[in-house]
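Let's take a walk through this one together. Have the viewer open and follow along.

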Amino acid sequence: MSRIRAKNEELIIRAASRVFAEYGYAATKTATIAELAELPKPNIYYYFGSKENLYRAVLESVVKPLLAASDPFIEYQDPVVALTAYIKSKLMISRYYPYASKVFANEIMHGAPHLPQDIVEQLAEQTRTLSAKLNDWIAKDLMAPISAHHLLFAIWATTQTYADFNWQITMVLGKEELDDQDFDHAAELITRMVIGGCAVKSLPTAS
């Protein structure tokens, strides 16, 4: 892929993420996306072929980091380390993919009518993997006997809210946009609630 093509596709996906987030799939016009991306409207169809393909590209742009967010569960055996890294990864998606995150959340809230089946299957498999790891830690007495699924729901909700309710959060904090310190504070608090509330323990060190 040429650098020009890659740059233009990135511009279009970024603009499309914002427009889809603000107007939804049905009300979004490709002309609005082209105007925001500062590119000719025919470029939208040249690079993506259709609005549906572009919408999928927006979903994929956030699905990739969503799937990668679970890497700590594979990389680390220590539940404290893994959960801390997982929560941070989920928050960084809200930080760096705010509009695409809103598009994804809106798609889910409407019953995922446009979410491709292959993406649904990848996300379902990820959830099974995460739940199995949590249940394994519970069986090893490294966590309290809680519902793995509901713990994941709670983490998703608290981290996703920084994208979905960004306006409300910035309004309450009295600032135009959230910065690194805000996300660090959020990560620290959410992690403390999860680790403390679920009595998560580190792996015992070898004596």
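What follows goes from a helix pair to the nonpolar core and then to some salt bridges.

Keep in mind that this is a predicted model. Start with helix H4 (residues 51-68) and helix H7 (residues 98-109): their axes come within 9 Å and cross at roughly 100 degrees. Angles of 65 to 115 degrees count as roughly perpendicular, so that's the label for H4 and H7. On the H4 side, the residues meeting H7 include Tyr55, Val58, Leu59 and Val62, while H7 brings Ala100, Val103 and Phe104, among others. Sort the residues of this contact by type and you get 9 nonpolar, 2 polar and 1 charged.

H4 turns up again in the core. The largest nonpolar core has 56 residues, and Ile33, Leu54, Leu83 and Leu134 have the most contacts inside it. H4 supplies the largest share of this core, with 8 residues. Now click on Leu134: setting aside neighbours within four places in sequence, its contacts are Phe73, Leu83, Met143, Ala148, Leu151 and Leu152.

On to the charges, where the count comes to 12 salt bridges. One of them is back in H4, where Arg56 and Glu60 sit 4 residues apart, about one turn of the helix. Their closest N and O atoms are 2.7 Å apart. Arg56 is partly exposed at 28% relative accessibility, and Glu60 is partly exposed with 28% as well. Asp118 joins these two in a network of salt bridges.

Lys175 is worth a look too. It forms a salt bridge with Asp179 at 3.3 Å between the closest N and O atoms, and Asp182 forms one with Lys175 at 2.8 Å. Buried or partly exposed, which is Asp182? With a relative accessible area of 15%, Asp182 is buried, whereas Asp179 is partly exposed at 30%.

Conventions: Residues are numbered from 1 along each chain as its sequence is written. This is a predicted model: local features need pLDDT of at least 70, side-chain atom pairs count only at pLDDT 80 or more; totals for chains, interfaces and linings use all residues. Side-chain values use heavy atoms; hydrogens and water are left out. Axes are lines fitted to C-alpha atoms, for helices over the stretch in contact, and angles run from 0 to 180 degrees between N-to-C directions. Helices (H or I, at least four residues) and strands (E, at least two) are DSSP runs, numbered from the N terminus. Angles under 35 degrees count as roughly parallel, over 145 as roughly antiparallel, 65 to 115 as roughly perpendicular and the rest as oblique. Contact means heavy atoms within 4.5 Å. Ala, Val, Leu, Ile, Met, Phe, Trp, Tyr, Cys and Pro count as nonpolar, Asp, Glu, Lys and Arg as charged, and the others, Gly among them, as polar. A nonpolar core is a set of buried Ala, Val, Leu, Ile, Met, Phe, Trp, Tyr and Cys residues joined through side-chain atoms within 4.5 Å. Buried means under 20% relative accessible area, exposed over 50%, partly exposed in between (1.4 Å probe, protein chains only). A salt bridge is a side-chain nitrogen of Lys or Arg within 4 Å of a carboxyl oxygen of Asp or Glu.
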